[in-house]
Each structure stands twice: as C-alpha cells, then as structure tokens.
Amino acid sequence: MSYNPKEIESQWQRIWEEEEAFEPSGDRKKPKKYILSMFPYPSGRIHMGHVRNYAIGDALARYYRKRGYDVLHPIGWDAFGMPAENAAIKHGLHPGKWTYENIEYMRRELGALGLSFSRKREFATCDPLYTKWEQEFIIRMFEEGLLYREKTTVNWCESCHTVLANEQVEDGRCWRCDNPVELRDMPGYYIDIVSYAQELLDDLDSLEGKWPQQVLTMQRNWIGRSEGLEFSFELTQESREKLSGLFKGYNVFTTRADTIYGVTYSALAPEHPIVKYMIEKRLLDDDIAGKIERMANMGERERAQAQKEGYPLGISVIHPLTGAEIEVWTANFVLAAYGGGAVMAVPAHDERDFEFATLYSLPIKRVIEGGELPYTGGGKLIDSAEFDGLDNEEAKRKIIEHFQKLGIGERKVNFKLRNWGVSRQRYWGAPIPLIHCPKCGLVAEKRENLPITLPEDVEITGEGNPLENHPTWKFCKCPHCGADAERETDTLDTFVQSSWYQFRYTVDPEKWEETGIDRESARYWMPVDQYIGGIEHAILHLLYARFFTKALRDLGYHDIDEPFERLLTQGMVLKDGSKMSKSKGNTVDPDSIVEKFGADTARLFILFAAPPQKELEWNDSGVEGAYRFLKRLYSRREKVKHDSIPEIEHSSLQAASKEARAKVYEALRKSEDVFEKSFSFNTLIAAVMEALNALERQKDDRVWSEGIYILLNLLEPIVPHIATQMSEELFGRRNLRKSIEIREEVFVTDTVTYAVSINGKRRSEVEVPSGAEKETIISMAAEAGSKWLGDMQIVKEIVVPGKLVNFVVKPV
RNA sequence: GCGGAUGUGGUGGAAUUGGUAGACACGCCAGAUUUAGGAUCUGGUGCCGUAUGGUGUGGAGGUUCGACUCCUCUCAUCCGCACCA
C-alpha cells in the first residue's frame with residue numbers, strides 16, 4: 001500500500017478529535033508548557049504565514065506533550081476590526097455574520113493541518129462573554145484613573161473614519177490602509193501607558209536572551225527614556241504685559257544642561273498655548289500668524305521633511321543663570337507633544353538649533369571646547385561662569401544640582417512613549433462601557449449590566465459612527481442618579497482584545513461565565529513559555545500586551561509581571577523574492593498544497609526550507625522533495641520486523657550498520673537542542689534524512705527497526721499524521737509515549753579518522769585506533785603525510801583529539 | 001543621518017562555536033528502468049585545470065600552528081527609528 005496522505009490525515013484528525021487528545025489534563029502536579037502562536041484575524045482564508053506560524057508552535061507543543069508536560073496550546077480569533085465592517089459596506093453583510101463564517105471556514109483549514117489545539121478553549125474576541133470581562137477591566141482602569149477622556153490632537157485616518165494610536169501610524173500613514181494620517185482635535189479615551197514606561201523599559205532586561213535583540217531594541221527606542229533638566233523660562237516684564245499677564249513663563253526640558261550658558265534663543269512649537277494665544281489676540285502680523293498656522297496644520301510626516309521654518313514672537317525670556325534677555329521664536333521643528341513643546345536653543349552644540357540659527361542669523365555661542373560647530377561631543381566647559389574647566393558630563397550633574405539648590409529647576413525623566421489612544425469611531429469593536437450623564441458626568445456602567453453588546457440592527461454605510469446614528473442604542477439611564485443619559489459610542493481599539501487573550505486561555509472553560517482571569521490558573525499556566533509570531537508586532541501588540549499584563553496585575557487580577565517568557569519571531573514566507581500578496585499574484589494557497597500533497601508535506605517543507613527566524617522562499621520543487629521523502633519513509637515500513645527496539649550488540653555489527661545507528665542516535669541527541677533552544681528544525685530534519693540514508697546502506701533488521709522506531713519519534717511533532725500512522729502500525733505507538741534514552745555506546749568507534757594538515761592546509765587523512773597515544777597518532781599522521789613532509793623540517797606538531805594533526809614545517 | 005541584522009556553490013541552507021567548508025535538500029548532468037512521459041533507483045556535481053595541483057565563505061588587512069567563526073577598515077543588501085531637545 002503506497003503513501004496516501006489524504007486517508008491517513010483525515011483518519012488521525014478524526015481520532016484525535018474523538019480522543020480529545022490535545023486538552024490539557026489539569027493535573028497541577030505535572031510540569032507545564034504554554035505554547036502560543038499569535039492568534040489570527042479571521043480574514044477569510046489562511047495563508048502560508050499562518051501555516052508557518054502554527055507549524056512551529058505545533059511542533060513545540062507536540063514535543064513537550066511527548067516529554068510528559070501538561071501542554072496548553074490554544075487557538076482563538078482576533079475577531080473585531082475594520083475588514084468586517086468594510087465587507088459589510090461592500091456586500092451588505094452584517095460584520096458578525098461575516099466574521100463567524102470566516103472563523104468557521106478557517107477553523108476547518110487549520111484543522112486540515114492537524115494542529116494540536118485545545119478545542120475547548122477556543123474563542124473569538126467578539127464573543128459577548130469575552131467583551132464582558134474586557135469591559136470590566138476597562139471600568140476598573142477608569143476607576144483607577146488609568147483610563148481617561150481628553151480632548152487633544154489626534155491622528156485621524158479619513159479612509160478608516162477613525163482615530164489611530166501613535167504606534168499605529170507608520171511613516172505618517174495608517175498602519176492598516178496606508179492612507180496619510182491627518183491631525184484633528186477630538187475628544188477620546190486614553191490609557192495611561194506612560195505611567196508604566198519605566199517598568200516596561202526595566203523589565204526588557206529580564207527578556208534579554210529570550211526575546212530577539214531586535215525587538216528589545218525597538219521597544220527600548222519606542223519607550224525612549226531620557227534624563228535631563230527641566231526648568232522654567234520666566235518672561236520679561238514687558239513680555240508679560242504684552243500677554244496680558246496670562247503667562248509667567250514656560251517649561252523647557254534639556255538633556256544638555258552642560259550647555260546652558262550657550263543658550264542664545266528659545267523656540268516654541270507652533271501649537272504652544274502662548275503662540276495660540278498670540279494668534280488669537282492678533283498680537284502678531286496677520287501675514288506671520290497665517291504662516292504659523294500653516295506650520296501647525298502640517299501633517300506629521302510632511303513637517304518632518306519640511307525645511308526649518310520659524311518666526312520671532314516679539315517676546316523675551318530671562319536666562320535663569322545669567323539674567324540675559326533671550327528672544328523667543330516659534331519653530332516648526334519643535335514638537336508640541338514632547339518636553340512641554342518648548343526648547344532652549346544652543347546652536348553651538350545642537351545640529352537643529354544650529355541649522356535654524358544659521359538660517360535666521362541668530363547668535364551662536366560656544367561653551368564646550370572641541371571640534372567644528374555645531375559640536376555635539378564632549379569636552380571642557382568655557383564661557384560658563386563658575387563651571388568653566390569642568391568636563392561636560394560632570395558639568396551636567398553640577399548644573400542640575402545648582403538649579404535644584406536655587407529651586408529653579410528639577411532633574412527630570414522624559415519618555416517618547418505617549419499614552420495609548422484606544423477610542424475608535426467604529427461599529428465592529430467592543431463598546432466602551434461608560435455613560436455620559438448630564439448631572440454626574442462620565443460614569444461607569446453597572447457590573448451587572450455587562451456586557452454592553454452591539455446592536456444587531458444597524459446600517460453600515462461607512463458614513464459616520466453607526467452606534468452614534470442608531471435610533472435607540474445610546475440612550476440609557478445614569479447608573480448613579482437615574483437621569484436620562486447617553487452611552488459612549490466609541491468602541492475600543494482591537495489591540496485591547498489581543499492584550500489579554502493570553503490570560504483568557506488559561507481559564508478553565510467551565511469558569512468562563514464566572515471569571516475573566518482566574519488567579520490560580522494564571523499562576524499555573526503563565527507566563528507563556530514560548531510565544532511565536534511575526535516581527536510586525538514588535539512594538540504594537542507586544543508592548544500593549546506587556547502593559548496590560550502589568551496593569552491587570554496591579555488591579556489585582558493575577559501576579560504575573562511579563563506575559564511572554566520567550567519570543568520567536570518567524571520570518572516571512574516569500575515567493576519569487578517578495579512577500580506573497582494578491583496584488584502581486586504570487587500567492588500559494590495552503591489548501592491546494594494540502595489537497596495535493598497532504599498537511600505533513602506542507603509542514604515538513606516549511607520547517608525544512610529555512611530556520612524559523614529567517615525568511616522562507618517558497619519553492620514548488622522543494623515541496624515535491626519533501627513529499628518524496630515522506631513517500632520513501634512510508635515505504636520503509638516493510639523493513640521493520642520488530643515491534644520495539646530489539647537487543648543489539650553493537651560491536652558485532654558490520655560497519656555500515658554501526659554507522660547507521662550512530663546517525664540515528666545523533667539525530668536523537670540533536671532533537672533536544674532543536675526543540676528546546678535553537679528551533680532550527682531544518683537541521684533536525686536533515687539529520688533524520690541522513691539517518692534514513694545511512695539505514696538504507698545497511699541490511700540489519702534490528703538496526704532498521706530501532707532506526708525507524710526512533711526516527712518516527714523525532715518526526716512526530718513535525719509530520720504527526722504519517723508518524724503516528726506508522727508508529728501505530730509498527731510499534732503500537734509505544735515509541736511516541738516517552739523520550740528515548742540515548743545509547744552512548746553507538747558513538748564509540750574502533751578507529752578515528754584524523755585529518756592530516758601541513759601548515760594548516762589539509763593534505764591527507766589517516767585512520768587511527770581510538771584511544772591511541774599522542775605519539776602514535778603523530779607518527780601515523782607523519783606517515784600519511786610523508787609525501788609533503790619529505791624535504792621539510794617539522795617545527796611543531798599540533799594534535800586536536802579526535803579531529804586532526806597539523807604539522808608546522810619549514811624548508812630544511 | 002542614527003541604530004540593528006545579514007553577506008557561504010546555480011538555489012534553499014549546514015558547519016559540534018577557533019580545528020577536514022559546502023551536511024541535508026532543490027536544481028543540473030550521466031546511467032538504469034519504462035512503449036513514451038511522469039514516478040523510481042544508481043552515480044556525479046564549489047570554481048579553474050586533461051592532470052599532479054591550484055583556489056575558494058562580499059572585499060582589503062590583521063591575530064593564530066590553524067579563521068565562515070575573533071579584531072580593524074571597507075562594500076552591498078535588508079529592516080527599524082527618524083527633528084524626542
């Protein structure tokens with residue numbers, strides 16, 4: 001009977017389903033492993049990236065299950081979001097119906113890959129039961145002041161009709177639809193992630209070596225901590241009067257307190273309140289006011305690329321140490337959202353300040369010795385009063401201390417990270433469970449009324465927020481005073497759902513009604529031992545999920561600090577050198593590969609073609625090669641004549657059989673490192689292929705039986721169907737139940753091959769009895785290399801045990 | 001501009017971490033089998049050379065008995081950040 005993947009695969013998938021083979025046992029005395037691949041968005045069909053992601057996770061889950069761990073390996077659906085709503089606009093289909101139909105379809109596709117997921121723990125984030133607990137967390141955050149409402153300038157995507165968080169703007173464009181982002185002033189909800197910035201930064205150290213360096217670096221840069229001095233520039237008397245006494249001054253932040261004596265002007269962001277006030281009160285020329293407004297309204301990206309531009313405001317501040325008057329300008333390179341939207345400018349030692357000063361012929365004053373201006377390096381201070389002669393690093397400390405002593409400035413830590421805007425003006429998301437009461441203000445919905453669900457009867461047109469437009473949904477009573485009130489119609493960013501799903505899986509499904517996160521289960525299962533997903537989430541999801549973990553911990557839901565112990569970022573699947581995409585027409589449909597070759601072939605190819613971290617180039621003939629290997633493996637059933645590992649006296653075997661056993665056990669020895677550390681499945685598969693090749697070169701039945709017994713054990717996590725089928729047939733699956741002991745004796749050989757090199761160049765080789773004395777080895781090697789040693793004087797002999805002999809020679 | 005990563009046959013990729021470079025696979029070549037194609041099997045396959053041999057891990061130096069591996073410089077590609085004061 002030849003290899004028939006379809007039959008074998010559907011049979012085992014059915015059996016696993018019936019046996020509920022992949023549910024965790026719940027036995028808390030067993031060691032645990034929580035293996036999690038990032039859950040998919042139910043877009044409609046799976047793609048090769050999914051296959052890769054889940055093939056890696058499944059291999060690990062199956063490996064640990066076999067090693068006796070209780071394994072949690074769940075799957076779910078990141079089910080809220082824009083595409084469902086777009087489909088609704090286009091086809092008039094309700095987003096919920098569209099989503100659940102997609103889930104149904106994709107569940108079948110993933111099922112056909114034979115992935116060992118816990119079925120009982122599957123959920124979609126749009127399930128009301130999931131929303132219920134999420135809304136409770138949001139209410140708790142609201143009560144603790146961690147979630148707040150504020151009107152600010154936001155990133156607005158006109159094509160998505162919604163606001164975006166900072167992290168979701170890439171190169172000034174929407175991360176989802178690539179539309180340029182506009183700035184708008186709007187009220188919205190924010191989560192105070194910045195108050196966790198320090199912990200989020202510090203705990204990255206504990207992930208060192210367990211997360212890819214690249215991701216750690218990206219997160220550190222995104223959080224962007226910097227330390228410096230914050231002080232206030234006081235306006236001159238005359239300037240105060242000009243501003244009707246409404247402003248005394250403003251704060252600035254600097255990391256270069258050492259250059260304080262080099263300040264020659266100061267600059268405000270065009271959005272700064274003082275600038276806004278001056279425009280409003282027509283304190284500037286109309287012409288200039290117009291130009292400033294145009295600067296302020298430029299998009300983020302546009303502005304970053306624009307030429308430096310600025311205008312004097314006709315006001316001055318007083319230098320806090322020298323008392324000198326300093327001109328105040330407004331400039332387009334000053335960011336409103338950072339450090340108070342104002343800077344002290346030191347053109348001699350800052351490139352931006354220099355460029356600006358040169359452009360507008362502003363004074364430049366050097367205060368640090370060193371190279372050409374602008375000079376940003378270190379050195380001794382000059383022209384800096386009592387700080388002259390100090391090294392600039394020391395001066396930083398001393399000057400900050402000086403400010404503190406005088407009570408005019410503080411040491412300050414600033415972060416680039418900004419608070420997470422979670423409002424979305426869309427329908428298909430989790431409603432924010434807050435209510436606007438004309439008397440009580442913004443209040444939380446009562447717990448017993450959760451979840452607040454979405455209305456079914458909506459018209460989704462893409463114009464405006466369907467919840468806002470719904471005739472009745474938003475009208476309610478205030479939970480405090482009973483007055484007529486209105487529900488919040490914004491829904492939550494979908495990244496909120498994916499920020500805590502890793503905890504939800506740990507809850508026993510029987511308790512899903514009564515609890516959102518169960519402390520005891522979380523303590524047992526968390527953190528996720530191995531998380532697997534794409535690098536594109538290096539900031540977004542991974543930062544939010546880390547933050548949520550800490551926030552929920554502090555709200556008393558569990559005791560975990562970091563959600564993901566180890567992270568593997570898999571590379572993309574490419575075809576013809578570029579990412580598979582419909583627009584390029586270079587996609588390969590997983591279903592058709594499974595249909596033609598079977599799931600095992602797809603899994604084998606994808607794990608064999610490249611290490612998981614690297615990009616993977618899809619190759620049709622490579623797939624056929626994988627299929628060929630499985631066919632060959634399957635046909636070797638006939639070589640197996642024993643139903644377990646037979647007794648073998650190693651020394652009595654012929655050389656080829658010894659060699660085969662050594663290859664088999666080498667593969668076995670390699671497997672632990674591959675599954676637990678390196679994840680280089682490609683090399684394990686190569687080792688298995690080598691072992692099979694070596695088995696074919698020998699004839700001993702017992703060695704065959706032992707070899708197949710072990711190789712199937714190693715292959716089961718990678719190609720589970722064929723491995724289980726053959727194991728069932730040949731060994732009653734006994735070979736899959738536990739790890740197999742390594743027989744060290746197979747690595748002991750009678751002779752060892754030594755390479756013979758002369759001056760580091762390999763010339764020959766020689767068989768040396770194992771255990772030979774150094775002198776024997778050298779003389780045998782000299783014999784083998786005599787052709788090259790003839791007229792030479794041996795200066796030095798180097799013996800690397802078991803490897804080679806190197807003769808260092810020179811002409812006589 | 002700043003930061004990070006990667007450069008090994010025609011291709012995907014190995015190399016026990018300083019010790020025989022190119023495992024394993026794809027492709028290709030030759031042969032066997034087959035009515036033919038496909039499939040399968042056997043052998044070969046870094047480059048130059050008929051050959052003894054030479055040469056070879058992006059390039060140039062260096063350390064070492066010995067370097068894909070360590071150091072310096074350099075080139076290329078990819079990724080991330082991008083006025084964060």
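Visitor: Is Ser 361 buried or exposed?
Guide: In this predicted model, Ser 361 sits in the loop between H12 and H13. Its phi is positive, about 50°, although Ser 361 is not a glycine. The cut-off for exposed is over 50% relative accessible area. Since Ser 361 has a relative accessible area of 65%, the residue is exposed.

Visitor: And Phe 679, buried or exposed?
Guide: Phe 679 also has a positive phi, about 60°, without being a glycine. Its place is in the loop between helix H22 (655-678) and H23. Buried means under 20% relative accessible area. Phe 679 has a relative accessible area of 6%, so this residue is buried.

Visitor: Which residue has its backbone nitrogen 2.6 Å from a polar side-chain atom of Asp 58?
Guide: Start from Asp 58, which belongs to helix H2 (residues 48-66). With a relative accessible area of 0%, Asp 58 is buried. A polar atom of the Asp 58 side chain lies 2.6 Å from the backbone nitrogen of Ser 116.

Visitor: Where is Pro 374 found?
Guide: Look for the peptide bond from Leu 373 to Pro 374, which is cis, with omega near -5°. Pro 374 is in the loop between helix H12 (351-359) and helix H13 (392-406).

Visitor: Which form does the peptide bond from Met 526 to Pro 527 take, cis or trans?
Guide: You can find Pro 527 in the loop between helix H17 (519-525) and E22. Omega is near -5° for the bond from Met 526 to Pro 527, and the bond is cis.

Visitor: Which strands stand at the edges of the open sheet of four strands?
Guide: The order of this open sheet is E2-E1-E22-E23, with parallel pairing. Two of its strands have a single partner strand each, so one side of each is left without a neighbour in the sheet; these are E2 (70-72) and E23 (567-570).

Visitor: By what angle are neighbouring strands of this sheet turned against each other on average?
Guide: The sheet in question is the open one with the order E2-E1-E22-E23. Ignoring direction, its neighbouring strands are turned against each other by an average of 20°.

Visitor: How many bridges join E8 to strand E14?
Guide: Strand E8 (residues 225-235) and strand E14 (residues 409-415) run antiparallel. One place to look is Glu 227, which stands opposite Val 413 in E14. The bridges joining E8 to E14 number seven.

Visitor: Which residue in E9 stands opposite Leu 229?
Guide: E8 pairs with strand E9 (residues 249-254) over six bridges, in the antiparallel sense. In E9, the residue facing Leu 229 is Thr 254.

Visitor: Which residue in E11 stands opposite Leu 235?
Guide: E8 is also joined to strand E11 (residues 310-318), by two bridges, and these strands run antiparallel. The residue in E11 opposite Leu 235 is Val 317.

Visitor: Which residues come nearest to RNA strand B?
Guide: There are 50 residues around RNA strand B. They divide into 20 nonpolar, 13 polar and 17 charged. Those that come nearest are Thr 254, Thr 255, Tyr 338, Arg 352 and Arg 628.

Visitor: Which residue has a side-chain N or O atom 2.6 Å from a base oxygen of RNA strand B?
Guide: Bases also hold some of the RNA atoms within 4 Å of the protein. The side chain that places an N or O atom 2.6 Å from a base oxygen is that of Asn 806.

Visitor: Which helix gives the largest share of the surface near RNA strand B?
Guide: The loop holding Phe 679 lies between H22 and this helix. The helix spans residues 681-696 and gives six residues, the largest share of the surface, and its name is H23.

Visitor: What average pLDDT does chain A have?
Guide: The model as a whole scores ipTM 0.94 and pTM 0.93. In chain A, 100% of the residues score at least 70, and the average pLDDT is 92.

Definitions and conventions. Residues numbered from 1 in each chain as written. Chains lettered and ligands numbered in written order. Predicted model: local features only at pLDDT ≥ 70, side-chain atom pairs only at ≥ 80, totals over all residues. Heavy atoms only, no water. Pairing = 2+ DSSP bridges. Axes fitted to C-alpha atoms, helices over the stretch in contact; angles between N-to-C directions. Near = heavy atom within 4 Å. Polar contact = N/O pair within 3.5 Å; in protein donor to acceptor, adjacent residues only side chain to side chain. Nonpolar A, V, L, I, M, F, W, Y, C, P; charged D, E, K, R; others polar. pLDDT = per-residue confidence, 0-100. Buried < 20%, exposed > 50% of the residue type's maximum accessible area, 1.4 Å probe, protein only.
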